[in-house]
Amino acid sequence: MADKNQFTDKVKITIKSGDGGDGMNSFKSYKGKPACGPDGGDGGNGGNVYIVADSSMNDLLSFRYTSKYFAENGERGGSNKCFGRGGNDVIIKVPVGTVVKDAETDTVISDMFTEGEKKLIAEGGRGGKGNVRFTTARRHAPNFAQKGEKTEPHVLILELKVIADVGIIGFPNVGKSTLLSKISAARPKIANYHFTTLSPNLGVVKYYDNSFVAADIPGLIEGAASGAGLGHDFLRHIERTRMLLHVVDISGSEDRNPVEDFKKINDELKGYSKVLASLPQIIALNKCDVYGAEENIKEFKKKYSRKYKIFPITAVDGTGTDALIGGVFDALQQLPPVRRIESDESFTYTKSGNLGFEIYMDGEAFVVVGTLVDMLCRNVSLDDPDSMAYFQKILREKGVISKLREMGINEGDTVIVGDVEFDFVN
């Protein structure tokens, strides 16, 4: 069983929209008159699958317990021209900032960027037509109905990427959580050991009448881009931040070199993503109250002050944080707002009812396959003349006959469509 305290930001789920209900093949009947005309109603449409962004959710933990989301099938049509009931939709709630991908192609279907945003992921199958819908001036009593449109299950990847203006990064135990607790109302877990923070913490930082959102990203270590430590799991959370606040333990505690630490973290950003490496950075030199920090500050500024804005601070008592907040806010004013991740708006899951076909040769026979054939096999009764007439009409309308002629079919050649085999007649 999954740990209830475990932060979950990437999961796979299986979805399926509902099948359409079958149309009804039915005839009116009265006492003494057993068949007085068709009256079969249409089947109901299958339920849709939607995803909705919900700001009350913080992670994707619930999906570790429930991973299958199937919408309800439509009901079969009834006699007396009664329609079948449509299937109920499935609405899947996800945290704001969740990116929805197709697992098979890795295509981004949607970035659930704003509260209440709703996305249709899989449309339910259409209900089949009842036999009353197939009456024509020549066909008064069709003895067949259309089957409902079938749907297929699909696997989605849900990946949470927090939406924040500023990503707070740095090695473990440098004071990132302490800093966030001082500059915002966030109350992350704080302790004097590595990897205290096991999930991103968000805090709203006030600056006079303005504010911005900062995210404390769990500690990175050398090798994070290759999966070491926690960094590989959480680097995705700073992919959409506008800038980075890099916290460095300038005291050199734990026998660390602040200059080397700063370089190593930036190397990890480059190894993970060029986009991350190009984000603007402001440096907060923390633990300035510790003996020996003064010399390290001079060395660090000598190395990096031309390229970066540097703010010495002591996060534990808030020294220097006001100037740091002002510097971050001024930098944000020069940057574009947080942007949603680009998605393929044209992406749709093909239902078996989206009719298509292919023709290939099997010896001397022309074999027709595809979703069009699947539909015809469900709908056509070989023993009913009206149904066979409908079969031939669909082959003409959908271009099967034209394609056969393009391929050089001759009169008398064998054509196989599903379970139906016939000799071609021009």
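## A glycine in a loop

Glycine 44 lies in the loop that links β1 (10–16) to β2 (49–54); strands are DSSP runs (E, at least two residues), as helices are (H or I, at least four), numbered from the N terminus. The model is a predicted one, in which local features need pLDDT of at least 70, side-chain atom pairs count only at pLDDT 80 or more, and totals for chains, interfaces and linings use all residues. Residues are numbered from 1 along each chain as its sequence is written, and side-chain values use heavy atoms, with hydrogens and water left out.

With a relative accessibility of 3%, glycine 44 counts as buried, a term that means under 20% relative accessible area, while exposed means over 50% and partly exposed lies in between (1.4 Å probe, protein chains only). Leaving aside residues up to four places away in sequence, glycine 44 touches Gly20, Gly21, Gly74, Glu75, Gly84, Arg85, Gly86 and Gly127, where contact means heavy atoms within 4.5 Å. Arginine 85 is 41 residues from glycine 44 along the chain, yet their C-alpha atoms are separated by 4.8 Å.

## The six-stranded sheet

An open sheet of six strands has the order β10-β11-β9-β12-β13-β14, with mixed pairing; two strands pair if DSSP finds at least two bridges between them. From one strand to the next, the twist averages 25°, with axes taken as lines fitted to C-alpha atoms, for helices over the stretch in contact, and angles running from 0 to 180 degrees between N-to-C directions.

Strand β9 (residues 166–169) runs parallel to β12 (residues 243–249), and four bridges join the two. Here isoleucine 168 stands opposite leucine 245 of β12. Strands β13 and β14 are also parallel and are joined by four bridges; isoleucine 282 has lysine 309 in β14 as its bridge partner. Between β13 and β14 the chain passes through helix α5 (residues 293–304) in a right-handed β-α-β crossover, meaning that, with the strands pointing away from the viewer, the path from the first strand over the helix to the second runs clockwise.

## Helix α1 on the sheet

Seven of the eight residues of α1 are buried, namely Lys176, Ser177, Thr178, Leu179, Leu180, Ser181 and Ile183. Their cover includes β9, β10, β11, β12 and α6.

## Nonpolar cores

In soluble globular proteins, nonpolar side chains tend to be buried together. The largest nonpolar core holds 36 residues, and Val166, Leu179, Phe212, Ile238, Leu245, Leu324 and Val328 have the most contacts inside it; such a core is a set of buried Ala, Val, Leu, Ile, Met, Phe, Trp, Tyr and Cys residues joined through side-chain atoms within 4.5 Å. Among the elements giving two or more residues to this core are α3 (258–272), β13 (281–286) and α6 (321–333). Helix α6 supplies the largest share, five residues.

Valine 328 touches Val166, Phe212, Met243 and Ile282, not counting residues up to four places away in sequence. A second, separate core has 24 residues, including Ile92, Val100, Ile109 and Phe347.

## Cysteines

The structure contains zero disulfides, a disulfide being a pair of cysteine sulfur atoms within 2.5 Å. Cysteine 82 is partly exposed, with a relative accessible area of 39%, and cysteine 288 is partly exposed at 22%.
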